[in-house]
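Me: Could you walk me through how the helix packing and the pockets of this model get their labels?

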Amino acid sequence: MKLHILAIGVHPDDLELSAAGTLIKHARMGQQVGILDLTYGELGTRGSAELRKQEAQDAAKVMGLAVREGADMRDGFFVNDEAHQLKLVHYIRKYQPDIVIANALADRHPDHGRAGKLIADACFLAGLRKIETLLHGQPQEAWRPTRVFHMIQDRFAEPSFIVDVSDTHTTKMEAIKCYKSQFHDPNSDEPMTYIASEGFLNAIEARSSLLGKRIGAKYGEGFVSENVPGIADLDRLQYPEIA
Ligand SMILES: [Zn+2]
């Protein structure tokens, strides 16, 4: 199956928190959008890998994804080496995405930065014909996504561009709330964590609101591109009202 956008995150819920508004938007445009979770977040303090797999599939339905798959890497201990790069090359060639959305290149959680670099490296390597990978015993064709964008996660980073997600923000928050084991629940008797505090989801909404304000929209999601994005002309850009 060819995807227009393949979003790759190291923990299930990474993409929901930082990019779901954009993914939902493109899925609603009728494009094929999918997610690859590198791990199942099995080191998370709350819940279990099994529970998070189920929550991730529930969130995929809310977002309207064509596919959501796991790469079975080890939470906390995966590395950016040849074996992990080849595994990702296999998935990138399998789905042939035009756009890849990846983890941030540096963040509070060290997995995020390591995954961000691993994903970017694999996107480049997937385009080299002499790297041979197989799918169902058949050699895969080389494929390089034309656009690789990094999410803004816990630590703020100045975005290269901001997507107006005003029309998909409500559905994004529904997708986030599918992770019942992870986020604020006053009735939970599991240990309190950074992301389970009451203020965490409020901070996600506040971030979306502040990014939206910068482009004259109610809500926005920012992305970092290592390449400077070009534009076709000067007219199709969105800015705050001048008045
Ligand atoms: Zn994460």
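Me: Why are α3 and α4 called oblique to each other?

Reply: Helices α3 (residues 82–95) and α4 (residues 110–125) pack at an angle of about 60 degrees, with their axes 8 Å apart. Angles under 35 degrees count as roughly parallel, over 145 as roughly antiparallel, 65 to 115 as roughly perpendicular and the rest as oblique, so α3 and α4 are oblique. Angles run from 0 to 180 degrees between N-to-C directions, and the axes are lines fitted to C-alpha atoms, for helices over the stretch in contact. Helices here are DSSP runs (H or I, at least four residues), as are strands (E, at least two), numbered from the N terminus. One caution: this is a predicted model, where local features need pLDDT of at least 70 and side-chain atom pairs count only at pLDDT 80 or more, while totals for chains, interfaces and linings use all residues. Residues are numbered from 1 along each chain as its sequence is written, and side-chain values use heavy atoms, with hydrogens and water left out.

Me: What makes α5 and α6 roughly antiparallel?

Reply: Helix α5 (residues 169–176) and α6 pack at an angle of about 155 degrees, with their axes 12 Å apart. That value falls in the antiparallel class, and therefore α5 and α6 are roughly antiparallel to each other. The contact (heavy atoms within 4.5 Å) is made by His-169, Lys-172, Met-173 and Ile-176 of α5 and Leu-201, Ile-204, Glu-205 and Ser-208 of α6.

Me: How are the residues of the contact of α5 with α6 divided by class?

Reply: There are four nonpolar, two polar and two charged residues. Ala, Val, Leu, Ile, Met, Phe, Trp, Tyr, Cys and Pro count as nonpolar, Asp, Glu, Lys and Arg as charged, and the others, Gly among them, as polar.

Me: What makes the largest pocket a pocket, and which residues lie nearest its centre?

Reply: On a 1 Å grid over the protein atoms alone, a pocket is an open set of points with protein on both sides within 12 Å along at least five of seven lines, whereas a cavity is a set where a 1.4 Å probe fits but cannot get out; lining residues have an atom within 4 Å of a point. The largest pocket holds about 1,400 Å³ of space. Its lining has 41 residues, with Phe-149, Phe-161, Ile-162, Val-163 and Pro-229 nearest the centre. By class, that lining divides into 22 nonpolar, ten polar and nine charged.

Me: Which element gives the largest share of the lining of the second largest pocket?

Reply: That is α6, with six residues.

Notes:
Grid points are joined across faces, edges and corners, and a volume is the space filled by probe spheres set on the points.
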